[in-house]
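Opened my notebook for another model today.

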Amino acid sequence: MGEVIFETRNAVYRYPGGPEIPAVAAVTLSIDAGELVAIVGPNGSGKTTLLRLLLGTLQPSDGEVLAFGRRATEWKRRDLAQRIGVVSQREEAAFPLRVKQAVMFGRYPHLGPLGAPSAGDIAAVDRALERCDVAHLGDRWIATLSGGEWQRVRVARALAQEPRALALDEATASLDIRHEMEVFELTAQLVRENRLAGVLVTHHVNLAARFADRLIVMHRGSARATGSPSEVLTRDVLEEVFQWPVAMTEWEGVPQYVALRRRSGGEGGEGGEGD
Ligand code: ADP
Ligand code: MG
């Protein structure tokens, strides 16, 4: 058994003025150091809200959320920011910053009272740039980066924090195959090398199944299934949650789905009934 980093017990969250049905409804989970857990599910199923509860940026309406053994909302933001690196869904490279400066922002929670980076801070930035394969971009303006480069820089910034947990929310949503794979591979390696608690929020179920140790399949705010990819990725669960017919296959011993064409007539025939 590893050290428990995140834990929720019947966590509920209702957005004020939001719909009757809570965005997160009675979710119980735990995530250990050294473990990569993917939170998967369709749009609107509560993935981001669940992550915000783990990060302490939302106060649960009911139930409990612990980060590092303490209520997530009780942490001082700066103290929690030293421990959790976050790569959120969207962030424009809008500020006029060089890549190195942008990654130095990851050191903010660690800087002393004068706010000047120490040799240790600079070394942490250099290590993170190197590790995320963006050291050669150090002097580039962030606004000039490609989507894939910018995402890797954002992971580097989270890594420069030297966190004990790493959370990515749909961080590969707009990337092509190579850049998406690079971010998944990098995340999985970082979790293992540094024994981080890894939380990967994604609707890419097939990739999640290949990289994560465990999956939490969200459905209308509830954890519909939790466990290893082989345990949770069944046709029944996927069809219920995504509301679409699928066929199941396997790659390297891990279940993978293929989304069916609704009118293809079942056994692979093209066209079927047509529209
Ligand atoms: P996901 O990340 O899985 O797409 P979210 O956690 O963003 O889902 O959203 C879960 C549900 O909560 C959705 O029904 C969404 O419309 C609702 N929701 C999200 N953010 C807000 C908000 N700020 N105010 C009201 N409702 C929200
Ligand atoms: Mg989301």
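Entry 1, the charge. I kept in mind that this is a predicted model. I looked up E180 and found it in helix α6, which covers residues 177-193. Which side chain of opposite charge is nearest to E180? I got R210, at 9.2 Å. A salt bridge would need a nitrogen-to-oxygen separation within 4 Å, so I wrote down none for E180, although this residue is buried. Next I listed what E180 touches, skipping neighbours within four places in sequence: T172, L175, H204 and L207.

The largest nonpolar core has 52 residues, and V99, V103 and L168 touch the most other members. Helix α5 (residues 147-160) supplies the largest share of this core, 7 residues. Background for myself: nonpolar side chains in soluble globular proteins tend to be buried together.

Beyond four places in sequence, L168 contacts V87, V155, V183, T187, V199, L200 and V201.

How many cavities of 30 Å³ or more does the whole structure hold? My search turned up 1. The largest cavity holds about 30 Å³ of space. L168 turns up again here, lining the cavity along with E170, A171, T172, F184, L200, V201 and T202. Strand β8 (residues 197-202) gives the most to that lining, 3 residues. I also noted that T172, one of the lining residues, is among the contacts of E180.

Methods. Residues numbered from 1 in each chain as written. Chains lettered and ligands numbered in written order. Predicted model: local features only at pLDDT ≥ 70, side-chain atom pairs only at ≥ 80, totals over all residues. Heavy atoms only, no water. Helix = DSSP H or I, 4+ residues; strand = E, 2+ residues; numbered from the N terminus. Buried < 20%, exposed > 50% of the residue type's maximum accessible area, 1.4 Å probe, protein only. Lys, Arg positive; Asp, Glu negative; His and termini not counted. Contact = heavy atoms within 4.5 Å. Core = buried A, V, L, I, M, F, W, Y, C linked by side-chain atoms within 4.5 Å. 1 Å grid on protein atoms, 1.4 Å probe; cavity = no way out; pocket = protein on both sides within 12 Å on 5 of 7 lines; lining within 4 Å. Points joined across faces, edges and corners; volume = space filled by probe spheres on them.
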